[in-house]
Amino acid sequence: RLVERLRMGVRPRRVHAVAHSLGGLVLRRIEADQRELRFDRVVCLGSPQRGAVMAEALHEAWLYRFALGTRASLDLRPGA
């Protein structure tokens with residue numbers, strides 16, 4: 001729902017979020033792109049916050065890039 005509200009131009013003052021897996025990385029991207037948005041509490045379950053070893057191994061494979069998109073495939077690598 002947060003992404004939908006942001007797309008409609010609604011800017012909530014406070015956000016509490018729970019994310020699983022890739023959702024935690026999506027929240028990090030939203031936080032980086034939407035500086036005025038304030039996350040009060042965030043819980044990430046099973047999110048590869050330090051990157052995923054599998055992403056490092058597969059980031060050059062065309063099918064992997066096609067499935068995730070070039071930006072996401074690079075962002076998932078450790079140290080990105």
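Tutor: Helix H2 and helix H5 (70-75) each supply at least two residues of the lining of the largest pocket; helices (H or I, at least four residues) and strands (E, at least two) are DSSP runs, numbered from the N terminus. This is a predicted model, in which local features need pLDDT of at least 70 and side-chain atom pairs count only at pLDDT 80 or more, while totals for chains, interfaces and linings use all residues. Residues are numbered from 1 along each chain as its sequence is written, and side-chain values use heavy atoms, with hydrogens and water left out.

The largest share of the pocket lining, 7 residues, comes from H2. The pocket holds about 410 Å³ of space, a volume being the space filled by probe spheres set on grid points joined across faces, edges and corners. Of its 19 lining residues, Leu25, Arg28, Arg29, Asp75 and Leu76 are the closest to the centre. Here a pocket is an open set of points on a 1 Å grid over the protein atoms alone, where a 1.4 Å probe fits, with protein on both sides within 12 Å along at least five of seven lines; lining residues have an atom within 4 Å of a point.

H2 also belongs to a right-handed β-α-β unit, together with E1 and E2; right-handed means that, with the strands pointing away from the viewer, the path from the first strand over the helix to the second runs clockwise. E1 and E2 (residues 39-45) pair in the parallel sense over 6 bridges, where pairing requires at least two DSSP bridges between strands. In E2, leucine 45 is the bridge partner of histidine 20.

H2 (22-33), helix H1 (2-7) and E1 (15-20) each give at least two residues to the largest nonpolar core, which has 9 residues, including Leu27 and Ile30. Such a core is a set of buried Ala, Val, Leu, Ile, Met, Phe, Trp, Tyr and Cys residues joined through side-chain atoms within 4.5 Å; buried means under 20% relative accessible area, exposed over 50%, and partly exposed in between (1.4 Å probe, protein chains only). Among the contacts of phenylalanine 39 are Leu27, Ile30 and Glu31, not counting residues up to four places away in sequence; contact means heavy atoms within 4.5 Å.

Glutamine 34 sits in the loop between H2 and E2. This residue is buried, with a relative accessible area of 18%.
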